[in-house]
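Subject: Structure for your review, with notes on the ligand site and the cavities

Dear colleague,

I am passing on the structure below and would be glad if you could look through it alongside these notes.

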Amino acid sequence: MTPEQFLEFARVLPEPLLLVSGEGLLLATNQPVADILGLRRQEVRGRMLFEFVTESTNDVVKYLQACSSSRAMVIGSLTLRKNDGQTLIYRSQGAVIQPWSPESSALILLRLEKRTLASSNFVLLNQKIDQLAKEVHRRKEAEEALKKANQELEIRVEERTTALQETLNELQLTQTQLVQAEKMSSLGQMIAGIAHEINNPVSFIYGNLHHAYEYTQDLLKLVQIYQQLCPITPPEIQDEIEEIDLDFLIQDITKLFQSMKVGTERIQEIVKSLRNFSRLDEAELKQVNIHEGIDNTLMILEHRLQARHDKYPEIKVIKKYGQLPNVTCYAGQLNQVFMNIIVNAIDALEASANNSQWSVVNPQTTENQKLTKNNPQIQIKTELIDEKWIAVSIADNGLGINEQVRSKLFDPFFTTKAVGKGTGLGLSISYQIIVEKHKGELRCFSTPGKGAEFVIKIPVSLV
Ligand SMILES: Nc1ncnc2c1ncn2[C@@H]1O[C@H](COP(=O)(O)OP(=O)(O)OP(=O)(O)O)[C@@H](O)[C@H]1O
Ligand SMILES: [Mg+2]
C-alpha cells in the first residue's frame with residue numbers, strides 16, 4: 001500500500017489512522033489525526049511518530065517492531081501531544097500491511113481509538129511477550145527446580161530405605177547372634193553340666209579300680225595258697241571250682257580289670273573333651289591347639305559318624321593335619337564353627353545317603369577312584385599358610401551346593417532343611433565368628449553333585 005492508496009482509503013473513515021514505517025516515520029495520516037494534533041496533514045507527514053507522543057522513543061520503536069513482526073493486531077497505548085500542549089491517551093491497534101524486507105522497511109497501519117480510562121502505562125505487546133517469556137522461563141525454572149527437588153527426594157527416600165534396610169539387617173544380625181549365643185551357651189552349659197556329673201562317678205570308679213584289682217589279686221593269691229596247702233578238696237568245693245571255671249577266671253580277671261581301666265580312662269578323656277569343647281571359662285582370647293578343638297568336636301559328633309541302622313553308612317573322617325602352632329583365638333567360639341560346619345557336612349552326607357549318591361572328596365586328586373555308594377567322607381585338612389595365617393578346610397562328598405543356595409549360604413535364617421531341622425543360623429554365625437571376631441575368612445567351594453568344601457582362614461595371633 002502506498003501512502004496515496006492509504007489516503008484514498010483512510011479519507012472516508014472517521015477514525016484516526018496513521019501509516020508509519022517500522023522506524024516510526026509518518027508516511028501519511030488522515031484528517032482525524034491532524035484534527036487531534038491541531039495541525040494540517042501536510043505538517044504531520046514526513047515527521048517521526050515519537051515527536052507527537054509522550055512515550056519514549058525506545059518504547060515507540062519497540063511497539064512498532066512488535067507490530068511489524070506479528071501477524072495479528074498488536075494493541076498499544078499512545079499519548080498524543082496536541083499542538084497546544086494538551087495530551088490525550090489513545091488506544092492504538094497496529095497491523096503490519098507490508099512486512100520488512102531488505103529493500104524496504106515495514107509499513108504499519110495504526111488505528112487510534114480514544115480511551116476513556118487514562119493509562120499512564122505504555123502497553124507493548126513485546127513487553128507482554130517479554131513478561132510472558134520471563135513467566136515461561138520462570139515456570140521452566142520452577143519445573144526444573146521441582147524436578148530436581150523430586151530427584152533429591154527420591155535419592156533421600158532411597159537413602160532412607162537403604163539406611164532402614166541396614167538397620168533391619170543389623171537388627172537381624174543381632175537377633176541371630178543372640179539366638180546362636182543362647183543356643184551355644186545352653187549347649188555349652190549342658191555339656192559342661194553333663195561332663196561334671198559324669199566326672200565325679202568316673203573318678204570314683206577309676207580311683208577304686210586299682211584297689212579292687214589289688215583286692216582280687218590278694219583273694220586269688222589266698223585261693224592259690226589254699227590249693228597248695230589243702231590239695232584234697234571236698235567235692236562241694238571241687239564242684240564249685242569247675243562251675244566257675246576257676247582257671248579261666250584267674251586268667252580273665254586281669255584282662256577284665258585292664259579293659260575296665262581302659263574304659264574309664266576313655267570316659268575321662270571324653271569328659272575332658274566335653275569340657276574343652278564347652279570352654280565356658282574361655283570367653284577371652286587364649287592360645288590353643290586347633291587340632292584338639294577339631295578332635296573334641298568330632299568326638300562329640302561320634303554318634304552321628306557311626307553307621308546307623310543300615311540307612312546311613314559310617315562316615316569316614318580323613319584327617320590331614322599339618323604342623324600348626326598354637327593359635328590365639330576365642331577357642332569356644334571356634335569350636336562352634338567346627339561344629340556347625342561338620343554338622344552341615346554330616347547333614348549333606350545323610351541327605352546324599354537318602355539319594356544314594358556319592359562323589360569323591362577332592363575330585364582332582366582322586367579322579368580315578370572308583371565311586372562307591374558307601375564311601376561318605378569328611379576330609380579335614382589344616383595347614384600353616386605363612387607365619388601369620390592358618391587354614392582349616394572341611395570338605396564332604398555330599399550333594400554339594402548349587403549357585404542359588406551358595407549366594408545365600410551365609411544369610412541369617414537361610415536354610416534348605418525341613419522345618420524344625422535347621423534354623424539357618426549355623427553358617428551366618430560361623431561367618432560372624434571367623435570374619436568379624438577373628439578377622440579371618442570363611443569361604444565355600446562347591447561343585448553341585450560333588451560335595452562342598454568350607455575353608456576357614458584365621459590369623460595365628462589376633463593381637
Ligand atoms: N556341606 C554342605 N553341603 C550342602 N549344603 C550345605 C552344606 N553346608 C551348608 N549347606 C546349605 O546351607 C544352608 C545353610 O546352612 P546353615 O548351617 O547356615 O543352616 P542350617 O544347617 O540349615 O541350619 P542350622 O545350622 O541353623 O541348624 C543349609 O540349609 C544347606 O542348604
Ligand atoms: Mg547348619
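This is a predicted model: local features need pLDDT of at least 70, side-chain atom pairs count only at pLDDT 80 or more; totals for chains, interfaces and linings use all residues.

Residues are numbered from 1 along each chain as its sequence is written, chains are lettered from A and ligands numbered from 1 in the order in which they are written, and side-chain values use heavy atoms, with hydrogens and water left out.

Ligand 1 is surrounded by 20 residues (a residue counts if one of its heavy atoms lies within 4 Å), and the closest are Asn344, Thr415, Thr416, Lys417 and Thr423. By class, this shell has 9 nonpolar, 8 polar and 3 charged residues (Ala, Val, Leu, Ile, Met, Phe, Trp, Tyr, Cys and Pro count as nonpolar, Asp, Glu, Lys and Arg as charged, and the others, Gly among them, as polar).

Among the polar contacts (pairs of N or O atoms within 3.5 Å), an oxygen atom of ligand 1 lies 2.6 Å from a side-chain N or O atom of Lys417, a nitrogen atom of the ligand is 2.8 Å from one in the side chain of Asp396, and an oxygen atom is 2.9 Å from a polar backbone atom of Gly424. Taken alone, ligand 1 exposes 600 Å², of which the protein buries 91% (Shrake-Rupley method, 1.4 Å probe). Two or more shell residues come from each of helix H10 (331-355), helix H12 (426-437) and strand S12 (452-459) (DSSP runs, helices being H or I of at least four residues and strands E of at least two, numbered from the N terminus), and H10 gives the most, with 3 residues.

A search of the whole structure finds 2 cavities of 30 Å³ or more (on a 1 Å grid over the protein atoms alone, sets of points where a 1.4 Å probe fits but cannot get out, with lining residues having an atom within 4 Å of a point; the volume is the space filled by probe spheres set on the points, which are joined across faces, edges and corners). The largest has a volume of about 50 Å³, and of its 10 lining residues the closest to the centre are Val288, Asn289, Gly293, Ala331 and Asn335. H10 supplies the largest share of this lining, 4 residues.

The second largest cavity, of about 40 Å³, is lined by Leu18, Leu26, Val33, Leu37, Val44, Leu49, Phe52 and Leu80, a lining of 8 nonpolar, no polar and no charged residues.

With best wishes

Definitions and conventions. A polar contact is a pair of N or O atoms within 3.5 Å; within protein, one must be able to donate a hydrogen and the other to accept it, and residues adjacent in sequence count only if both atoms are side-chain atoms. On a 1 Å grid over the protein atoms alone, a cavity is a set of points where a 1.4 Å probe fits but cannot get out, and a pocket is an open set with protein on both sides within 12 Å along at least five of seven lines; lining residues have an atom within 4 Å of a point.
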